[in-house]
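Visitor: I have a chain on my screen and some questions about it. Could you take me through it?

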Amino acid sequence: MDPVLRRRSYVSVAVVVFLVLIPAAVVRSGAEVVTLTVDTFTDKVKEKDTSWFVKFCVPWCKHCNKLGTLWEDLGKAVEGEDAIEIGEVDCSLNKEVCTKVDIHSYPTFKLFYDGEEFAKYQGQRDVEALKSFVLKEADKAANTNLEEDKDEL
């Protein structure tokens, strides 16, 4: 085979590998946010001693789209925090979930603890405000749960 053609073949293969691997890396970089569906939502938010801060959105909502990477940025900001998970539900694909948890407008942000809705977020839409809320409310939820456990003894 001609050396020039061989080199072009290697370049073509390298380009294909690059195009395949880069999107995979981008998807992994947002792995701090868990996509929840009708099949996974209930089991995930019921995880023992875990707070789930969940964004409920639809793709056609201009307010949801205006959030940009905010939710992924929040996921990265709370990465490593014990017992806090960041999730999202596409209500256009998971209407049953959104109906069950009483979602009427988009975006809606709710914190769940041990399967129960604990708090609804209505503050500013920036990473620091969201992080402050989720840390405070998750701590409050865990302490409330501890008090309930003590009362049962």
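Visitor: In what order do the elements of the chain run from the N terminus on?

Guide: This is a predicted model, where local features need pLDDT of at least 70, side-chain atom pairs count only at pLDDT 80 or more, and totals for chains, interfaces and linings use all residues. Residues are numbered from 1 along each chain as its sequence is written, and side-chain values use heavy atoms, without hydrogens and water. Helices (H or I, at least four residues) and strands (E, at least two) are DSSP runs, numbered from the N terminus. There are six helices and five strands, and the order is α-β-α-β-α-α-β-α-β-β-α.

Visitor: What is the order of the strands in the sheet?

Guide: Two strands pair if DSSP finds at least two bridges between them. Here the pairing is mixed and the sheet is open. Its edge strands, β1 (33-36) and β5 (116-121), each pair on one side only. The order is β1-β3-β2-β4-β5.

Visitor: Which residue in β3 stands opposite valine 33?

Guide: Start with β1 and β3 (residues 84-90), which run parallel. Four bridges join them. Opposite valine 33 stands isoleucine 86.

Visitor: What angle does the direction of helix α4 make with that of β3?

Guide: Helix α4 (residues 70-77) packs on the sheet, touching β1, β2 (51-57), β3 and β4 (108-113). Touching is contact, meaning heavy atoms within 4.5 Å. Axes are lines fitted to C-alpha atoms, for helices over the stretch in contact, and angles run from 0 to 180 degrees between N-to-C directions. For α4 and β3 the angle is about 160°.
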